[in-house]
Amino acid sequence: MPEKKETSNEQSSEVVHRLTTAKLSSYPPHDRWDDWVEFDAKSWPKKVERRYSLVPTTCFNCEAACGLLAYVDQDTGEIQKLEGNPLHPASRGRNCAKGPATINQIHDPERILFPLKRIGPRGEGQWERTTWDEVLDTFALKIRTALIENRRDEVVYHVGRPGHDGYIDRVLQAWGVDGHNSHTNICSSGARVGYALWQGADRPSPDYANAGFILLLSSHLETGHYFNPHAQRIIEGKMAGAKLAVIDPRLSNTASAANYWLSPWPGTEAALLLAMASVIIQEDSFDREFVRRWVNWEEFMQAERPALPCSFEAFIEALKEIYSEFTPEYAANECGVDAEKIVEVAREIARAGSRFASHVWRSAASGNLGGWQVARALYFLNALTGSIGTEGGVSPNVWNKFVAAPFSKPAPQKVWNETLWPREYPLAHHEMSFLLPHLLKDGRGHLAAYFTRVYNPVWTNPDGMSWVEVLRDESKIELHAALTPVWSETAWFADYVLPMGLGAERHDIMSQETHSAQWISFRQPVQRVLRERRGEHIDFTYEANPGEVWEEDEFWIELSWRIDPTGELGVRRHFESPYRAGKKVTINEYYRWIFENSVPGLPEKAKKAGLSPLEFMRRNGAFAVKTNIYEQHESKLPDTELEGTRVDEKARIVKPTADGEQMIGVMIDGQSLRGFNTPSRKLEFYSKTMVEWKWPEHTLPAYVRSHVNWRDLDQANGDYILVPTFRLPTLIHTRSGNAKWLYEISHTNPLWVNTKDAAKLGFKTGDLARVSTEIGYFVVRVWATEGIRPGVVACSHHLGRWRLKNDQGTDRWASALVDLDELGDGRWRLRQIEGVKPFKSDDPDSERIFWQEGGVHQNLTFPVHPDPVSGMHCWHQRVRVERAQPDDKYGDVVVDTKASHEVYRKWLEMTRPAPGPGGLRRPLWFSRPVRPDDEAYRVND
Ligand code: SF4
């Protein structure tokens, strides 16, 4: 396989230098944001002035939460464009293409502007306009009845793009339901489990800008998590001399900018990483002092080597012996990567030492059975090099994310929802959301009220036709509202389609671990802010938004108030104003309280500027809470915290609490230190939790053979590994469908086939291929390229949108018009009637559409593959690739949902269900979204 030779970097460094060090002098100075003058570009060469009011907000098109600046034309009152907010600590005025494309979404002529209610059978596409009052009253009654009848597992909120930190958690806990469902198990649960086992925090926060060597199992320079802020800092690191290695079977844009591109067989990445670890261990180039102090080696020795002395030297000998099998030659054979290159990269990592930064988020961790061990193997390299918590290394995400507390926090719910957290998956990092259709089909539950919120499971999840079958079944889901800024395939099967605000039409607070700092970013409804600044009184954001587009924050306040109008259910009090006793909280009061009380340093900074904290955030859009956060684990516990504590036999500092005991630190070399959020308060190389929860073979970082291991392929007969997990840099899952600029840039998802394989199969670029999975097939065009490992094919999951009616269902910028036929006995066929084509609308650009094929919806053909440990859907597929048959048409999808249910059952058999120790459903130390009361963790049959 081709691996990129280490380049001199010289020719690219000059360009990079120019791009990254140029002063961002063209940003309007902050003191002129109220009245900013620019020449109108379209009037050139005439110099026509346009005056703008600039209002900061936060991008809503991915979770990075970059700052945006809305330019509101003072004459028309319209938002003219959105650019970067230079005051934002993470994005620093820069955005990816998706940020400025928010303007397309605002002005999309296909936009849903009013709440819609279905008037025919579900899924038949007959809608009428309704009122928000009707929507709120209908859901309030349904939810109130469920609460009174104590059916607190029948109200479910299912989120795709959260875009806020904790708002909905508070709402659901105020209702007392266990109803939070997320998309995370089709996204990142695999990596999260790997990281959580090591450090008790489920994400890494790499300090790329200060790194000496960066290893990515992701495409962070174009699409990875928090990618724009991260990409900026990776380039800064490179500018300062860091080298970059990328492990990816596909030549991503990131790999093309790397010093090393390693292209292993998909699913063998953990073996590759463990071989690097083995080189570092066998060559004694690890950081002995860090490992001695911070890795839980004593626990390992006592549990797994009880006959040996519990000494650090004996541990090192054991480590050498355990990983001796992962020689570079073994890895070369297993992974298909040159052994010398593995040694070279391992030595680079060791040389970088505490300045080694790494990241895996989706990629191999979300593609493979056992993918969570990929993250564990990667972080092993950080543990060995002592690069955890250091400048230029990686920190636990919780150090670099700041979540501000609201004015009232309800008590945790006392109920456990088994349709979201089934017993088979006690260690799943998030809800088993993608199994919901199968669990409902198995009769394990029933939903009274279901909200899909900025989420499109029919299209985004695997096995979308099983979703269609369940969504249209009113005996399984009584009432379904799709809260969405845009039409979607899922909204089509809802009872209500409720238009929600875009990034410039709503409030939220966000914070992400983008670098060694903590910050918050404020999303705000631009038109409302300006009108209030002019002295207008506005009760609800929808009054200032287009049509009747609401913001969710106000929707949940109104709904909660109507669920419990008298306060008898204990819900209402959480929605009463902290400033006006007994009155309903307004959205301005909600955020005012947070900024006045929950963000350290903000009131003082605001005071200096002569503003209230709320007005400061309205004017600046973001605030840096803390900078340069390193080595938190080494911080000494203050005497005040040590009062009343004791040190247990494992050197942990234990504090008695009302509910039992809490570990608050660890004794290291005679000092009481904070440590990590694990049971041992150290980095857990050895996981006792895995033994206790019936996975004794997984106590250590290890290699798990994937469900798509290359040795199992019948390569002679057209078997390939399909990598379907990668994004296109300019698209968002569902919500770029209404962004014309983004579709103009990217509008097709061909099948990447190596040129050697293309020759073997008789393909040239543009030919149609039929790709068959366990439950069906899809028909796609081939792209013959050197940029993919032979034996592997790849297809981006970002395209293939469809609609069932010409002018409704999914935006016409992005979707094909299709027939969806039920062929009987669980078999479905989706066939394109016509692709994307120009259409008439208020936007003349809609008649200039030149792209014709909107892509292929491959996810429909994937059965669910829930990893038995992490719960992550294992996306990679073993497929048969062949020439399309005479009747096949581009975009065809044929699937069998009965077959997919059988695959679900097969994977279910791999699980080792709860209860675990103490009759628990899940380890108490594992985090859980919207965590219930400890009492709910116990199985009470
Ligand atoms: S990376 Fe792009 S899409 Fe994501 S928040 Fe930043 S500007 Fe928006």
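Where is Lys694 found? Lys694 sits in the loop between helix 25 (688-692) and strand 25 (719-723), and point 7 returns to this residue.

1. Basis of the model. This is a predicted model, in which local features need pLDDT of at least 70 and side-chain atom pairs count only at pLDDT 80 or more, while totals for chains, interfaces and linings use all residues. Residues are numbered from 1 along each chain as its sequence is written, and side-chain values use heavy atoms, with hydrogens and water left out.

2. Overall form. The protein has 28 helices and 34 strands; helices (H or I, at least four residues) and strands (E, at least two) are DSSP runs, numbered from the N terminus. Its radius of gyration is 27 Å, close to the 30 Å that the globule rule gives for 941 residues, so the protein is as compact as a globular protein of that length. The radius is taken over C-alpha atoms, and the rule is 2.2 Å times the number of residues to the power 0.38. The C-alpha trace spans about 75 × 75 × 70 Å along its principal axes.

3. Of the 941 residues in the protein, 64% are buried. Buried means under 20% relative accessible area, exposed over 50%, and partly exposed in between (1.4 Å probe, protein chains only). Among contacts with a separation of 6 or more, 72% are between residues 24 or more positions apart; a contact means heavy atoms within 4.5 Å. The accessible surface comes to about 32,800 Å², and 49% of that belongs to carbon and sulfur atoms. Accessible areas come from the Shrake-Rupley method with a 1.4 Å probe; for residues, only the protein chains shown count as cover. The protein has 114 positive and 128 negative charges, and their mean positions are 2 Å apart. Lys and Arg count as positive and Asp and Glu as negative, without His and the chain ends; each charge is placed at NZ of Lys, CZ of Arg, CG of Asp or CD of Glu.

4. Aromatic pairs. The whole structure holds 52 aromatic pairs. Rings of Phe, Tyr and Trp (its six-membered ring) pair if their centres lie within 6.5 Å; planes under 30 degrees apart count as stacked, over 60 as edge-to-face and the rest as tilted. One of the pairs is Tyr195 with Tyr379, edge-to-face at 5.2 Å centre to centre and 80 degrees between the planes. This pair links distant parts of the chain, with Tyr195 in helix 5 (residues 189-199) and Tyr379 in helix 15 (residues 372-384), 184 residues apart. Tyr195 counts as buried at 0% relative accessibility, and Tyr379 counts as buried at 0%. The rings of Trp752 and Trp783 have centres 4.9 Å apart and planes at 85 degrees, so this pair is edge-to-face. Trp752 lies in strand 26 (residues 751-754) and Trp783 in strand 28 (residues 776-785), so the pair ties together parts that are 31 residues apart in sequence. Trp752 is buried, at 12% relative accessible area, whereas Trp783 is partly exposed, at 34%.

5. Surroundings of Gln832. Gln832 belongs to strand 32 (residues 827-834) and counts as buried at 12% relative accessibility. Beyond residues up to four places away in sequence, Gln832 touches Ala816, Leu817, Val818, Gly855, Lys889, Tyr890 and Gly891.

6. Helix 19. In helix 19 (residues 526-533), the residues Val526, Gln527, Arg528, Val529 and Leu530 are buried. The buried residues of helix 19 pack against several elements, including strand 2 (49-58), strand 3 (67-73), strand 4 (79-84) and helix 20 (552-563). After helix 19 comes Gly535, with a positive phi near 100 degrees.

7. Backbone points to inspect. Most residues other than glycine have a negative phi, and most peptide bonds are trans. A cis peptide bond joins Trp44 and Pro45, with omega about 10 degrees; Pro45 is in the loop between strand 1 (36-39) and strand 2. Ala914 and Pro915 are also joined by a cis peptide bond, with omega about 10 degrees, and Pro915 is in the segment after helix 28 (897-908). Val454 is not a glycine, yet has a positive phi of about 45 degrees; Val454 is buried, at 9% relative accessible area. Lys694, likewise not a glycine, has a positive phi of about 75 degrees and is partly exposed, at 34%.
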